[in-house]
Amino acid sequence: MTSAADDRETGTKGSDLLVGSFTEEGPWELRRGEVSWLRDVEMLREIARRSVPQMTRPRRLPPGPRVASVVRHLGTAVLAWSMRERKAGGSVSRRGLSRRLRKAAERLGPTYIKLGQIIASGKGIFPTELVEEFEACRDRVPAEPFPVVRSVIEEDFGKPLEDVFEWFDPDPVAAASIAQVHRARLASGEHVVVKVQRPTVRNLVEQDIAVMAWLAPFLVGRIPVAALANPPALVELFAQTISEELDFRLEAANMLDVAAVFADVGQSVYVVPRPHPRLVTERVLVMEELSGFRPEEVDALREAGVDTRALVTAGLLGFMEGAMLHGVFHGDLHGGNLVVLPDGRIGLLDYGITGRLGARGRLAFVRLLVAATMNDVRGQIEAFRDLGALPPEIDVDELIEDLGLDRPPVDPTSLSAEELTQEIQRAVKGLLEHGARLPKELMLLIKNLVFLDEAIATLAPDVDVFSLIAHISEEIARRHGERIASELGMDAGDYRVDLDGMKAAFGVDPQATPELTYQEILRRRQVIRERMRERRRRRSSALFGRFRPRRRPPRS
């Protein structure tokens with residue numbers, strides 16, 4: 001290993017920039033052959049993968065004493081809901097249940113808070129009421145006392161904390177469900193951040209997943225949120241997601257892999273912090289510190305000269321390229337995991353959740369994006385099938401007919417609340433009847449795309465959606481078109497972006513709508529929300545009137 005200071009003295013640039021998208025001058029240089037904790041990563045990843053069926057296997061009997069606490073808290077939440085909000089039905093019922101489940105999760109501790117955090121970043125996947133309620137879980141995890149943090153570090157490094165760090169801030173900069181992060185300075189002088197795992201979290205997670213797997217089948221069809229979220233599938237998804245997070249060596253390896261993907265596709269807009277070549281263990285991760293602006297600090301970004309429109313365009317392109325060409329991508333994009341550096345690049349943080357598409361899945365994702373821009377409905381359905389979201393034997397034509405995808409799109413703002421509800425119910429019913437499910441990688445892709453959609457609405461609300469889609473598509477075709485065409489078995493010259501088809505899919509008149517900004521999309525969404533809200537108010541009023549006691553006539 002050589003330090004950045006050594007590189008400057010010799011007038012050379014760190015060679016790790018050739019194989020990873022890192023900062024120009026890091027605190028050390030990474031050479032994969034010298035990274036001690038990389039040797040067993042593939043074996044550790046396989047062990048984590050194989051642990052999921054064991055953790056989620058069906059059980060006839062309750063799995064251990066932890067189940068009593070879980071059943072008490074969750075049972076109390078569901079019972080209170082059934083006695084109060086359930087009678088109201090609709091969104092009122094779902095919101096009441098969501099609030100009670102969130103409070104129960106906070107009482108149950110790290111595992112359930114982590115599950116809530118994953119749900120909170122799943123807009124467009126989980127019910128809106130559930131997502132909005134669990135957003136409160138992101139900042140409500142108390143930190144471990146510093147003596148506990150010290151003990152974990154010294155146990156894993158096998159030496160006193162002072163032998164490793166010249167200075168260590170006892171107050172964490174962030175505390176999450178699995179770990180907390182501290183600023184520090186190494187004995188060799190480099191400023192770093194240190195991620196330290198909570199000491200009992202692994203055992204607690206394994207116990208809690210076993211309890212979740214036992215409880216989930218009892219919830220199917222019994223409560224509205226569960227009916228939409230499919231509890232057994234959600235537990236399996238959660239187990240797959242969290243199993244790798246419990247070993248920081250896997251997270252550090254994810255950092256190197258994602259950095260290498262960005263370097264390979266020539267995309268430098270994203271910056272990955274360098275993990276330390278030696279100071280990484282199962283429970284401790286020392287890494288380079290990245291600092292800058294939060295993504296929502298729009299005014300500060302513009303005052304610093306950052307082109308926010310160019311930022312989101314490059315960010316979207318970089319994410320697409322990595323997932324399409326390598327199948328490896330950061331799996332948990334949200335505002336807390338991003339920092340905009342002073343030079344306008346995007347620092348990506350927290351690699352505990354990283355998506356990895358196999359060869360078939362990666363090609364299916366490529367085909368999905370190509371079919372979407374070409375307005376090829378059948379190609380999109382086949383791509384979803386190959387991504388594992390639909391059974392292999394599904395009748396594609398029948399599904400297209402059942403979902404009404406063979407009919408001209410309708411502008412959702414032209415529908416009444418009742419018509420919107422009927423359309424949603426018909427779509428959900430049709431998907432469930434055809435065996436639709438949500439594999440881990442597809443969930444991560446959708447979560448990321450939803451976040452990127454929100455980021456564009458925040459940072460570049462006046463950008464034209466159709467021009468943005470066309471630009472991204474043309475740029476990918478220019479940079480990687482021949483490779484993509486070869487992999488899909490098509491002629492690169494046959495690829496054409498069907499903007500009119502995409503406009504129709506948005507429910508707007510292609511000829512009368514030359515552009516559609518995110519501001520306009522937000523306005524259209526608001527119209528739909530208000531329409532649905534008014535429908536709920538009417539239903540609540542009718543329900544209240546039905547059960548309101550009648551006044552007795554005055555006695556004569």
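Helix α9 (residues 201–219) contains 19 residues and spans 26 Å from its first C-alpha to its last, close to the 27 Å expected at 1.5 Å a residue; the expected span is 1.5 Å times one less than the number of residues. Helices (H or I, at least four residues) and strands (E, at least two) are DSSP runs numbered from the N terminus. The model is predicted, with local features requiring pLDDT of at least 70 and side-chain atom pairs counted only at pLDDT 80 or more, while totals for chains, interfaces and linings use all residues. Residues are numbered from 1 along each chain as its sequence is written, and side-chain values use heavy atoms, leaving out hydrogens and water.

Turning to a loop, arginine 283 lies between β6 (275–280) and β7 (284–288). Arginine 283 counts as buried because its relative accessibility is 15%. Leaving aside neighbours within four places in sequence, arginine 283 is in contact (heavy atoms within 4.5 Å) with Val152, Glu155, Asp156, Lys195, Val196, Gln197, Pro199 and Phe248.

Elsewhere, three strands make an open sheet of mixed pairing, ordered β5-β10-β9; strands pair if DSSP finds at least two bridges between them. Strands β5 (270–271) and β9 (338–340) stand at the edges with a single partner strand each, so one side of each lacks a neighbour in the sheet. Strand β5 runs parallel to β10 (residues 346–348), joined by two bridges, and valine 271 stands opposite glycine 347 in β10.

Notes. Buried < 20%, exposed > 50% of the residue type's maximum accessible area, 1.4 Å probe, protein only.
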